[in-house]
Amino acid sequence: RLRIRFNTAVGVCTDESSNKNGKIEFIKENSENPLDDVKNFDPSLTYSDIAIIDYTHATHSSVFFLPGFVDTHIHASQYPNVGIFGNSTLLDWLQTYTFPLEASLQDLDMAQLVYERIVRRTLANGTTTAAYYTTIDAASTKLMGRICSELGQRALVGKVCMDACSPEYYVESTKESLRSCEEVLNFLQDELNDPKILPVLTPRFAPSCSRELMKGLAAESRSRGSLHIQTHLSENESEVDWVKSLFPECKSYTDVYDSCGLLHNKTILAHCIHLSDEEARTIQKRGSGISHCPISNTSITSGECRVRWLLDQGIDVGLGTDVSGGHTCSILACARQALLVSRHLAMKEKEEQNKERVKLTVAEALYLATLGGSRALDMGESLGSFEVGKQFDTQLVDVESQGSNVDVFPWQHSSLPAMKLTLHTPPLIAQENLLAKWFFNGDDRNVVRVWVGGKLSHTL
Ligand code: GUN
Ligand code: FE
């Protein structure tokens, strides 16, 4: 459900020595004087302690704050290939486009160029948290951690692990993979010293990992107090068949991961298109989250993920751009695609009474893009919506910013009084229409400012 707060004052702590730094301290709806609200909240504050960011002058109602987007699945290393996938499907796409590019990022100058660009681009699109895959290379993965920290994006950074069925120019031994993973973990946890940057263990997918590697990574996650884990699951039918032949002792693709101890509440599984009922039950029982990547799934023709079916079972679902299986860094674009893919599922739905149910609404797609993604990453307690105690990870959206692709015409600035009336009464309905216009036509030109943990990270 969409919640809109009008005339609201939000207090955020920006004291770096405080454990409340970056968090929302209070929210006051229908505020008449935000400055007084701050003073009343904490009388010990003086005016010089307070910075007011005032958007009350935005009298036309097309400016609003929205929780920052959460990208639950994105390959930073594949950014140079966005838009380039031809007619390929997953397994030939990996061999033709993806592995050669990832291998080339061993060059640190190249990695710097690519990683800096993608972090800036995702921030500009309103993404405040991203779960990144890099490559098998430890040095450039550490560089990625540093870049995210410096540019002020919250990130999970994962060195890709692969010791099987991979090209000889892009593979590690089991031992080397675990060692280089350890090196990255030590750097991100002990050296970088930025609470916004977290490590994520990243067995690429079952075909490129030995059982020994997957078990080793599961043990690493446990021994460091439940580290995040990310991987791909059930994306493409040929891939599912391949996994069956590689792991004949397992009941299913999901069971491969489960039997290695990889599934827990900090595990994020990308795609999950061709799951059986039993596999979904296992994921639900383990509390793992799912990253729905609708643009990638259509682009490399993997299939249509049944999001309503997953949500109905109480599984946390978020959105992933899956660059460069997906052709854009924009989570807003993915939210649109999630809505449209749900329409395709509705058109194919045999049971008349289910046709409406499988459709995702604008509000639900925005939920997946924000709080849903936070929950899928097991960070729903601290991210994804405006609540006291949560991080102020926020985008300021102006539907009618300079050069915006969104035309609110003819209502918004029309001199026709009747038209104005339909827009402004009742206000909530008007706001929802405005939001829908932005949802379907908006882009990075509408993202005016982005804050991560109360700190300004992007300005249009
Ligand atoms: N499965 C294994 N590796 C990849 C990858 O890089 N992208 C996608 N979409 N699926 C994968
Ligand atoms: Fe992927």
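Let me begin with a term: a residue is called buried if 20 or more other C-beta atoms lie within 10 Å of its own, exposed if 12 or fewer do, and partly exposed in between, with the C-beta atoms placed from the backbone. What we are looking at is a predicted model, in which local features need pLDDT of at least 70 and side-chain atom pairs count only at pLDDT 80 or more, while totals for chains, interfaces and linings use all residues. Residues are numbered from 1 along each chain as its sequence is written, and chains are lettered from A and ligands numbered from 1 in the order in which they are written.

With that term in hand, let us turn to strand β6, residues 154–158, where five of the five residues are buried, so the strand is largely enclosed by the rest of the structure. Helices and strands here are DSSP runs numbered from the N terminus, a helix being H or I over at least four residues and a strand being E over at least two.

Which strand pairs with β6? Strand β5, residues 127–133, does so in the parallel sense over five bridges, where two strands count as paired if DSSP finds at least two bridges between them. In this pairing Tyr132 stands opposite Val157 of β6. Strand β5 is also joined by five bridges to β4, and these two run parallel, with Val70 opposite Thr129 in β5. As for β4 itself, residues 69–75, seven of its seven residues are buried.

Elsewhere in the chain, four strands form an open sheet in the order β3-β13-β14-β15, with antiparallel pairing. Its edge strands are β3 (63–67) and β15 (455–459), each of which pairs on one side only. Strand β14, residues 447–452, pairs with β15 in the antiparallel sense over four bridges, and Val450 stands opposite His458 in β15.

Stepping back to the whole chain, we have 15 helices and 15 strands, and 47% of the 460 residues count as buried. Of the contacts with a separation of 6 or more, 74% come from residues 24 or more positions apart. The C-alpha atoms fill a box of roughly 70 × 55 × 40 Å, taken along the principal axes. The domain assignment gives domain 1 (1–57), domain 2 (69–376) and domain 3 (408–441), such bounds coming from an automatic or database assignment. Between domain 1 and domain 2, the C-alpha centres lie 36 Å apart.

Technical notes:
Contact = placed C-beta atoms within 7 Å.
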